[in-house]
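Open the structure in your viewer and keep the selection tool at hand. The tour below goes from stop to stop.

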Amino acid sequence: MLIIESGQLAGHRWLIASDVLIIGREVGVVDLMLPERQVSRRHAKIERTPQGFVLTDLNSKNGTFLNGKEVKEPKLLQDGDEIQIALCVKIIFVGSDATAPLNARRATQPGVRGICIDKESHRVYIVERELEPPLSLQQYRLLELLMDANGGLVSRQDIVEHVWEDESACGVSEQAIDALVRRLRARIAEYDSDHEYIVTVRGHGFRFENRCE
């Protein structure tokens, strides 16, 4: 798991569930999107190997640093390592068997206890529990679109183009969009009914607010 400790996404946690995790600024290309201007489009990657997770800089402009030292070659990560992306985002790496250090950090550092998604497998985790049964394809696409916007506005047209990309946009009504949003809200509420994740911005669209602690 990665815990973002500084930067615009400070407090967020990211579960490393795939073999390769790309970190950068380019929406739709990277797995962990950091909005800071100093971050390169494809900045760094974390890859699962037989030895463990390895951090590699992807020829970024402003560099990747591990425990204060610039990453010139792939580096094996250890629990508690501090990763700095362009010296503007600090990320803590937590090993899969390190539950005690993770709990200790959560006591002092706010984190996201709401929704995380694994784009590789399309799994969705809500308050640290996997959502079962999985979301429908349209529900997953909508959730992914909202989360990738990082709190920004998502218009109804954005939803049509992303969710119904294989169909004619002319056939999708506002009622169909509203019904999809209601179904997604209902699925999320099965696991966490105390927080409003999908906020309606009347006359404009929707935005996503993850739950922090």
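A salt bridge is a side-chain nitrogen of Lys or Arg within 4 Å of a carboxyl oxygen of Asp or Glu. The model on your screen is predicted, and a search of the whole structure finds nine salt bridges in it.

**Stop 1**

Select K45 and E47. Their side chains meet in a salt bridge, with 3.5 Å from N to O. Are these two residues buried, exposed or in between? K45 has a relative accessible area of 22% and E47 has 29%. Buried means under 20% and exposed means over 50%, so a residue in between is called partly exposed. K45 is therefore partly exposed, and E47 is partly exposed too.

Next, select R156 and D178, whose side chains form a salt bridge of 2.9 Å, N to O. This pair links distant parts of the chain: R156 sits in helix α3 and D178 in helix α4, 22 residues apart. R156 is partly exposed, at 23% relative accessibility, and D178 is partly exposed at 25%.

Then select R207 and E209. The N to O distance in their salt bridge is 2.1 Å. R207 is partly exposed at 28% relative accessibility, as is E209 at 31%.

**Stop 2: the nonpolar cores**

Select I115, V124, I126, L143 and I159. These residues have the most contacts inside the largest nonpolar core, which has 29 residues. Now colour β12 (115-118), β13 (123-126), α2 (137-148), α3 (156-163), α4 (174-189) and β17 (205-208); each supplies at least two residues of this core. Which of them gives the most? It is α2, with six residues.

Stay with I115 and show what surrounds it. Leaving aside residues up to four places away in sequence, I115 touches V124, Y125, I126, L143, M147, I188, Y197, F208 and N210. Another core, of 24 residues, lies apart from the largest one. To find this other core, select V39, L66, I83 and V89, which are among its residues.

**Stop 3: a pocket**

Select L9, H12, W14, M147 and N150. Of the 24 residues that line the second largest pocket, these lie nearest its centre. The pocket holds about 370 Å³ of space. Its lining takes at least two residues from each of β2 (13-14), β4 (32-33), β12 and α2. What kinds of residue make up the lining? It divides into 14 nonpolar, five polar and five charged residues.

Key: Residues numbered from 1 in each chain as written. Predicted model: local features only at pLDDT ≥ 70, side-chain atom pairs only at ≥ 80, totals over all residues. Heavy atoms only, no water. Core = buried A, V, L, I, M, F, W, Y, C linked by side-chain atoms within 4.5 Å. Buried < 20%, exposed > 50% of the residue type's maximum accessible area, 1.4 Å probe, protein only. Helix = DSSP H or I, 4+ residues; strand = E, 2+ residues; numbered from the N terminus. Contact = heavy atoms within 4.5 Å. 1 Å grid on protein atoms, 1.4 Å probe; cavity = no way out; pocket = protein on both sides within 12 Å on 5 of 7 lines; lining within 4 Å. Points joined across faces, edges and corners; volume = space filled by probe spheres on them. Nonpolar A, V, L, I, M, F, W, Y, C, P; charged D, E, K, R; others polar.
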